[in-house]
Amino acid sequence: MQLPLAWQVVIGALLVVGGAFALIGAIGLVRFRDFYMRLHAPTKATTLGVGGVLLAAMAAGAAQGRWSVAELLIALFIFVTAPVSANLLAQAALHRREPSVAPPPPEQPQG
């Protein structure tokens, strides 16, 4: 089934944006220096990348006349579980006293 050009452009743009976010997340995962910094890239950028791909899937389904909530439920599940899993991973790293290259926070004035 051939989609109209406007739908193809929208779906293609969503796939490119989603792919760009996923690529940025992957690059951050490789380039950041310690566990805490690496944890940030996949949880933020890659989640947005998956969201873009799921939006593209929803747009493709809508263009073909079949509306589906499966992609919406998948996106909702990812957007809820990604921060929770990142928080649990960070807590486990803190419990294990994983070293960080970030400087310690400045002293807070006592008042």
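**Stop one: Arg-97**

Select Arg-97 to begin: its relative accessibility is 73%, so it counts as exposed, the cut-off for that being over 50%. What you have on screen is a predicted model, so please keep that in mind as we go. Arg-97 sits in the segment that follows α3 (70–95). While you are here, look at the backbone: Arg-97 is not a glycine, and yet its phi is positive, at about 60°.

**Stop two: helices α1 and α2**

Now select residues 5–31, which form helix α1, and residues 35–63, which form helix α2. Give each helix its own color. How far apart are the axes of α1 and α2, and at what angle do the two helices pack? The axes are 7 Å apart, and the angle is about 165°. Angles over 145 degrees count as roughly antiparallel, and α1 and α2 are therefore roughly antiparallel to each other. Their crossing is left-handed. Among the residues of the contact between α1 and α2, 20 are nonpolar, 6 are polar and 1 is charged.

**Stop three: along α1**

Next, pick out Ile-11, Gly-18, Gly-25 and Gly-28, which are buried residues of α1. Bring α2 back into view, too: α2 is included in what covers the buried residues of α1.

Move on to Thr-43, which has its place in helix α2. Is Thr-43 buried or exposed? Its relative accessibility is 17%, so Thr-43 counts as buried; the cut-off for buried is under 20%. Show the surroundings of Thr-43 and look for Ala-82 and Ala-86: Thr-43 touches both, leaving aside residues up to four places away in sequence.

Thr-81 is partly exposed, because its relative accessible area is 29% and partly exposed covers what falls between the buried and exposed cut-offs. Draw a line between the C-alpha atoms of Thr-81 and Thr-43: the two residues are 9.8 Å apart in space, while in sequence they are 38 residues apart.

Definitions and conventions:
Residues numbered from 1 in each chain as written. Predicted model: local features only at pLDDT ≥ 70, side-chain atom pairs only at ≥ 80, totals over all residues. Heavy atoms only, no water. Axes fitted to C-alpha atoms, helices over the stretch in contact; angles between N-to-C directions. Helix = DSSP H or I, 4+ residues; strand = E, 2+ residues; numbered from the N terminus. Parallel < 35°, antiparallel > 145°, perpendicular 65-115°, else oblique. Left-handed = near helix turned anticlockwise from the far one by under 90°. Nonpolar A, V, L, I, M, F, W, Y, C, P; charged D, E, K, R; others polar. Buried < 20%, exposed > 50% of the residue type's maximum accessible area, 1.4 Å probe, protein only. Contact = heavy atoms within 4.5 Å.
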